[in-house]
Amino acid sequence: MNLSDMIIPLFTGISLVVLFVIVLKNFFGAPVIGKRQGSADGYPLVSVLIPARDEENNIGRCLRHVVKQNYRNLEIIVLDDYSMDDTAWIVKGYAKKDRRVKLLSGKALPEGWLGKNHACGQLAENAAGDYILFLDADVTLAENAIGSALYEITHKKAEMLSVFPSQKFGTLGEYLVVPLMNWFLLTFLSLRAVYKSGNPAFSAANGQFIMFRRNYYSDFGGHRVVKDKVVEDMELARLVKKRGDKVITLLGGDAVNCKMYNGFVSSIRGFSKNFFPGFNAPSYLFILFIFFSLFIFLSPVILIFQNFIYLAHIILIAVTRVMISIISRQNILLNLLLHPLQMLILAVTGFYSVYVTLLKKTIWKGRKIS
């Protein structure tokens, strides 16, 4: 065996062991939104703020779960952001049945703002709650979700709380792409470090579910400060940490779920919209990271036919996929079988994300966003 035959397995093995330790820490220690209710401050008003643009397929299901929350002291505001479908009509139906539900009509998009950020900013301006919860229209909640989030943010004395929902899938195409988000998060970042470390590099947030103490959000400027940022959730988390304050990031468990996309193409477009911008690094470093990930997590599957030592690497990869699948509420067998193809799609999506971001070709819901 020559030197090159030793270096590659050693490099791959060490890398996999380091990442295995991170996954292991997440498996046993990643915080998951729980079942505890209430707040150290009693029962403050929570404003649930839902931006909606062409969400007729989602908004009814979302509201059905929000109005059934065990935590009752809510106001629920939906902003119809120039929808071309029946979004507003569906919300009006809920508003007639539940006085806590309100419908706002969005204003024209100003220069320098991105659509969702502008919608969230308008929602916050109209909120009366002591706490505000930004919730995407494709999210569904267990009855304890909002009360549990309020318990966590108050008892942990944090200023921002975010939840990564357990993702739901309708097609095989979605399963090839969407699981990569939680895999990426839980492989390369310890979620406990987001809360414990003051370093903004240890930041993670998901705009599908973000809660703030209202006064704090207003003090730093809210979405106005990130008005032109594609990955505004991550920018908000970094901003809070730069101010020396605490961010909690939780997994959705059985309490917060989401079906983000419909089919393979929309999954690729959605993932690529945030992938490179969320990395917060120069394009060359991001591309190096893609090559590193592809090499570490795919080459052992190929090189096993040349060197049996890669069997140990494959076992490490498989165990990490099993652990992440369990805590992400995903199908273990599918993630194991689809792993090689998912890694290839990770690379393709990463390169595509760089392309559309640098050339300002990203379009989402009919709007150019980069």
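This is a predicted model: local features need pLDDT of at least 70, side-chain atom pairs count only at pLDDT 80 or more; totals for chains, interfaces and linings use all residues.
Q: Which residues does Val48 touch, then?
A: Leaving aside residues up to four places away in sequence, Val48 touches Val66, Leu74, Glu75, Ile76, Ile77, Leu133, Leu135 and Ile146.

Q: And which residues touch the most other members of the largest nonpolar core?
A: That core has 104 residues, and those touching the most other members are Val46, Val48, Ile50 and Phe212. Helix H12, covering residues 283-303, gives the most to this core, with six residues.

Q: Switching to rings, how many aromatic pairs are there in the whole structure?
A: The search finds 23 aromatic pairs. One of them joins Phe134 and Tyr217 in a tilted arrangement, at 5.5 Å centre to centre with 45 degrees between the planes. This pair links distant parts of the chain, since Phe134 lies in strand S4 (residues 131-135) and Tyr217 in helix H9 (residues 214-220), 83 residues apart.

Q: Are Phe134 and Tyr217 buried or exposed?
A: Both Phe134 and Tyr217 are buried.

Q: Why does the pair of Trp183 and Phe188 count as edge-to-face?
A: Their ring centres are 5.9 Å apart and their planes stand at 90 degrees, and planes over 60 degrees apart count as edge-to-face. Trp183 is buried at 1% relative accessible area, whereas Phe188 is partly exposed at 22%. Ring pairs also link both into a cluster whose members include Phe271, Phe286 and Phe297.

Q: What about the surface, where is Leu311?
A: Leu311 sits in helix H13, residues 310-327, and is partly exposed at 34% relative accessible area. Together with Phe308, Ile315 and Val319, Leu311 forms a nonpolar surface patch with about 370 Å² of accessible area.

Conventions. Residues are numbered from 1 along each chain as its sequence is written. Side-chain values use heavy atoms; hydrogens and water are left out. Patches are made of residues with over 30% relative accessible area and no salt bridge: like charges are joined within 9 Å, nonpolar side chains (Val, Leu, Ile, Met, Phe, Trp, Tyr) within 5 Å. Accessible areas come from the Shrake-Rupley method with a 1.4 Å probe; for residues, only the protein chains shown count as cover. A salt bridge is a side-chain nitrogen of Lys or Arg within 4 Å of a carboxyl oxygen of Asp or Glu. Helices (H or I, at least four residues) and strands (E, at least two) are DSSP runs, numbered from the N terminus. Buried means under 20% relative accessible area, exposed over 50%, partly exposed in between (1.4 Å probe, protein chains only). A nonpolar core is a set of buried Ala, Val, Leu, Ile, Met, Phe, Trp, Tyr and Cys residues joined through side-chain atoms within 4.5 Å. Contact means heavy atoms within 4.5 Å. Rings of Phe, Tyr and Trp (its six-membered ring) pair if their centres lie within 6.5 Å; planes under 30 degrees apart count as stacked, over 60 as edge-to-face and the rest as tilted.
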